[in-house]
Amino acid sequence: MEKWSLMTITVLLGLIVRWTVSFGSYSGAGKPPMYGDYEAQRHWQEVTYNLPIKQWYFNTSDNNLQYWGLDYPPLTAYHSLLCAYVAKLINPDWIALHTSRGYESQPHKLFMRATVLIADLLVYIPAVILYCCYLKETSTKKKIASALCILLYPGLILIDYGHFHLGFALWGVLFLSYNWDLLGSLAFCLAVNYKQMELYHSLPFFCYLLGKCCQKGLTGKGLVLLIKIAFTVVASFAICWLPFCTEVEQILQVLRRLFPIDRGLFEDKVANIWCSLSVLIKIKNVMSPQTQLKLSFAFTFLTLLPACIKLTLQPSLRRFKFALVSCALSFFLFSFQVHEKSILLVSIPVCLMINEIPLMCTWFLLVSTFSMLPALILDGLLLDYVVTTLAFLTVCATSFSIFEKTSEEDLQLKSLSLSIRAYIPSFKAFPKIIKSLFIVSVTLMGILTSMSATLNPPQKLPDLFPVSVSVVSCLHFLFFLMYFNAIVLWDSRNGRNQKKIN
Amino acid sequence: MGGNCSAPFGTGEASFGVRQCHSTDFEVHRNWLAITHNLPVSQWYYEATSEWTLDYPPFFAWFEYALSHVAKYFDQEMLVIQNLNYSSQATVFFQRLSVIFTDILFVYAAHECCKYVNGKRPGKELLEKPMFVLAVLLLWNFGLLIVDHIHFQYNGFLFGLMLLSVARLFQKRHLEGALLFAVLLHFKHIYIYVAPAYCVYLLRSYCFTANRADGSLKWSSFSFLRITSLGLIVCLVSALSLGPFAVLGQLPQVISRLFPFKRGLCHAYWAPNFWALYNAVDKTLAVVGIKYKFLDPEKIPKASMTGGLVQEFQHTVLPSVTPLATLICTFISILPSVFCLWFKPQGPRGFLQCLILCALSSFMFGWHVHEKAILLAILPLSLLSVESPKRAGIYLILTTTGHFALFPLLFTPPEITTKILLMLLFTVYSFSSLRALFRKEGPLLNWLETIYLIELVPLEIFCEIVFPLTPWNLKFPFIPLLLTSVYCALGITYAWLKLYVSVLTESVTVRQKAE
């Protein structure tokens with residue numbers, strides 16, 4: 001069958017799954033007074049449409065920051081404004097100042113879902129399709145399979161806000177893979193200006209581009225490139241922040257909203273080191289907020305530095321993609337005030353590598369969706385979670401035959417195991433270990449899912465299930481952190497000498 | 001094997017149906033669960049608290065009875081007859097789950113049918129194997145998905161029974177095939193449309209055990225044993241099904257419930273068959289007649305045929321159509337195919353062709369046909385479409401128009417997007433897979449057919465988007481339905497005629513070759 005028809009079918013499947021899931025319950029449905037993220041999105045449309053720009057990030061009588069105040073960078077605000085204009089055409093009640101709080105109706109839900117679907121269709125899906133179409137050294141079948149798996153990734157489907165930031169980041173990676181560095185930087189800056197969590201990806205972008213400039217020679221072409229990139233970055237930030245550049249106070253207030261340092265090390269249950277450690281030691285009580293901040297910074301940078309240094313010294317696209325994963329994962333595990341949905345920032349780069357290491361990527365993507373289980377249950381999305389996860393697992397298992405391809409070569413661990421064999425000559429156990437770990441892990445996740453869904457937690461430990469989900473996911477993520485770092489650090493190939501991986 | 005891969009997807013997609021809003025069919029089946037659970041058998045066909053009375057044969061009633069015993073673990077309240085329009089989350093979940101569960105039979109039947117696909121060349125890739133294509137065309141059939149899982153019916157497992165009986169006939173297990181069909185008939189009597197094909201085929205190719213050298217009938221090879229066994233099977237099944245009601249003397253009541261001829265020639269939305277064209281011509285002539293003063297406006301009944309009410313009414317210009325007239329028309333239209341099957345049997349494949357033609361002809365001329373009945377022809381035709389390019393072309397036309405004709409069933413805003421996406425998915429897949437399968441045979445459709453199918457897109461845009469925004473929407477709200485129905489009727493009639501001609505000419509060539 002022709003490639004274009006298979007791609008169309010893949011896109012249609014992705015759209016159908018997204019649309020059908022989106023008709024489920026949404027976060028905060030029917031739960032006054034605060035409702036949930038859905039209400040937050042609606043509220044931002046209300047605020048951006050009705051209030052002047054100067055007031056968007058400030059606590060005024062019209063704009064109560066405690067009730068879902070804007071805490072994303074300006075591009076999100078502009079996007080909400082655009083949606084608000086459309087909403088105004090259809091039904092002004094949806095965004096009327098003050099009176100539209102907690103507005104819930106079927107047409108409004110349709111409108112919100114439609115904006116999300118259109119956003120995905122315009123930015124995220126084309127990026128995925130183009131990325132898969134232009135994968136080097138892969139057969140058509142693998143390209144289609146990659147596109148299908150990426151589009152069926154449950155995490156992104158179940159958390160459906162317009163994933164503009166992920167889309168733009170993906171465009172950034174796409175442009176960089178064509179050596180269009182300026183466009184890539186521009187796309188990434190737009191992504192950062194959309195959601196500040198994209199800063200998790202900023203170090204790999206920076207190190208890769210810096211490394212490229214160094215390779216070209218810091219005195220000649222490299223310097224020119226560096227200046228051009230710097231100019232692009234500054235220009236894009238300036239344009240996005242233009243309305244706020246009039247006063248320093250504006251900029252500071254926005255920054256305060258974006259980086260709420262006083263909110264503490266973590267909130268709720270996150271599959272994060274700090275949250276998991278707090279099961280044993282109550283970190284929040286032991287240390288002061290300043291120490292917590294410094295500790296988290298220290299650990300984050302400690303864990304991501306090796307990969308970044310290697311990337312700067314030997315930049316290659318492959319290493320760049322792996323570094324995206326490991327840096328984002330370090331940030332997720334050790335950083336301050338991490339939201340459980342930030343795991344998506346790690347999942348998307350992992351999706352990009354699904355045709356190279358299918359087993360590990362599938363495994364990671366399953367765990368990442370599993371880590372969001374408590375939030376999904378709260379939002380009434382359990383059935384969708386089960387169905388999409390099973391569908392995803394089936395698609396990945398059949399398209400990439402993950403259970404057959406578990407040699408060291410396939411797991412990209414050849415270099416590491418060669419080094420280990422220098423000390424322990426008979427070490428050949430990687431494939432078996434990983435395969436058995438995978439099966440144990442999936443079984444465990446299945447058991448925990450069914451327990452969370454069906455059983456009631458004991459009286460003394462009301463948070464038993466969310467905490468166990470978080471701790472289990474955290475352990476998995478630590479394992480993956482080591483794995484991805486191992487690949488980057490022991491990877492001795494540069495871009496040109498890649499063998500055929502099929 | 002390929003078929004088994006696509007089965008989970010169908011199920012997965014179907015389970016999303018749990019999410020969608022429900023139609024009146026949902027209440028119909030809830031009511032039947034309640035009736036069969038609470039009342040004794042003697043009351044099943046008399047109960048009329050709800051307007052959705054039991055109008056399927058007894059086996060289906062027993063099926064609902066069995067389901068009701070599982071239902072009580074989900075939500076007891078749905079089994080109370082008085083709870084009209086009761087639809088708690090648990091109820092919806094249970095109902096949807098039951099459809100998904102019974103679809104297992106459909107998956108099994110599709111699997112069995114895939115074994116008998118006559119693929120001419122083994123495709124190198126899984127995606128190009130006829131078996132895989134057939135499996136997807138059956139399991140992801142757009143019509144079945146939206147009728148069963150978004151609307152709400154149990155067609156999946158009923159079609160499973162039919163396809164399984166066809167598969168058994170292919171496997172030369174005639175008695176099983178006959179048994180399955182007899183059972184199916186007592187589940188949903190609409191399958192009587194294809195009963196002639198079964199009767200003639202079983203009589204001709206099973207009861208007469210051998211043919212003469214030139215292929216014609218050998219009267220001496222008639223086997224009394226076989227016909228007796230067939231007769232026994234049919235009688236046994238009927239006795240099981242209708243027996244209790246015959247004993248209670250309720251047969252007339254059951255029959256009247258099963259065949260409600262009080263309903264009009266056409267449904268509120270005209271099924272795209274011959275009568276839709278007939279009605280359209282009648283209306284046009286009436287309008288033209290009034291305009292040019294051929295007709296007296298006083299004498300024309302005010303009731304509009306597409307007013308949305310199901311009632312009996314008269315045609316204005318052309319002669320009115322009675323149930324008997326439709327029966328005669330149907331009978332005449334299936335005669336050629338039946339004769340073909342009798343005089344020139346081509347084995348199970350010939351039987352399948354005759355079955356499809358019977359289903360299509362009954363759809364074209366039947367009384368009060370529902371547009372869902374087109375699935376009766378589409379699903380078996382899928383089996384033939386992967387075998388020859390000619391059949392593939394006809395299949396594409398029939399499927400696309402038949403599925404498009406199902407669009408008016410889903411009209412709420414969320415469903416509109418779903419149905420368009422699903423339709424696009426199925427259409428893109430069917431076109432590209434069949435084209436890939438028959439790549440060497442040239443284009444499957446000629447330019448006229450292609451243009452006709454492409455025109456469906458502007459029609460859809462006009463009906464769903466443009467028309468509701470115009471002022472005519474209030475005055476003539478039925479125009480989109482009328483347009484859809486008539487346009488699809490053209491396509492379906494064309495496909496029917498084309499299939500008929502190709503089947504008849506094929507049998508003539510076979511006969512000439514034999515001579």
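Which residue forms a salt bridge with B:Asp25? I looked it up, keeping in mind that this is a predicted model. The partner is B:Lys372, with the closest N and O atoms 3.3 Å apart. B:Asp25 sits in helix α2 (residues 24-38) of chain B and B:Lys372 in the loop between α14 (347-365) and α15 (375-385), so the pair ties together parts 347 residues apart in sequence. B:Asp25 is buried at 12% relative accessible area, and B:Lys372 is buried at 13%.

Next, chain A. I found A:Glu356 in a salt bridge with A:Arg318, closest N and O atoms 3.3 Å apart. A:Glu356 is in the loop between α16 (343-352) and α17 (358-371), A:Arg318 in helix α15 (residues 317-334), so this pair links parts 38 residues apart in sequence. A:Glu356 counts as buried at 12% relative accessibility; A:Arg318 is buried at 7%.

I also noted A:Arg42 with A:Glu39, at 2.9 Å between the closest N and O atoms. They are three residues apart in helix α2 (residues 37-50) of chain A, so about one helical turn separates them.

Then the interface. I get 24 residues of chain A in contact with 27 of chain B. The buried area is about 2400 Å², 78% of it from carbon and sulfur atoms. On the chain A side, A:Met1, A:Ile16 and A:Thr20 lose the most area, together 27% of what that side buries.

The rule finds one salt bridge across this interface: A:Glu2 with B:Arg435, closest N and O atoms 3.3 Å apart.

How values were computed
Residues numbered from 1 in each chain as written. Chains lettered and ligands numbered in written order. Predicted model: local features only at pLDDT ≥ 70, side-chain atom pairs only at ≥ 80, totals over all residues. Heavy atoms only, no water. Contact = heavy atoms within 4.5 Å. Buried area = accessible area lost by both parts, 1.4 Å probe. Salt bridge = Lys/Arg side-chain N within 4 Å of Asp/Glu carboxyl O. Helix = DSSP H or I, 4+ residues; strand = E, 2+ residues; numbered from the N terminus. Buried < 20%, exposed > 50% of the residue type's maximum accessible area, 1.4 Å probe, protein only.
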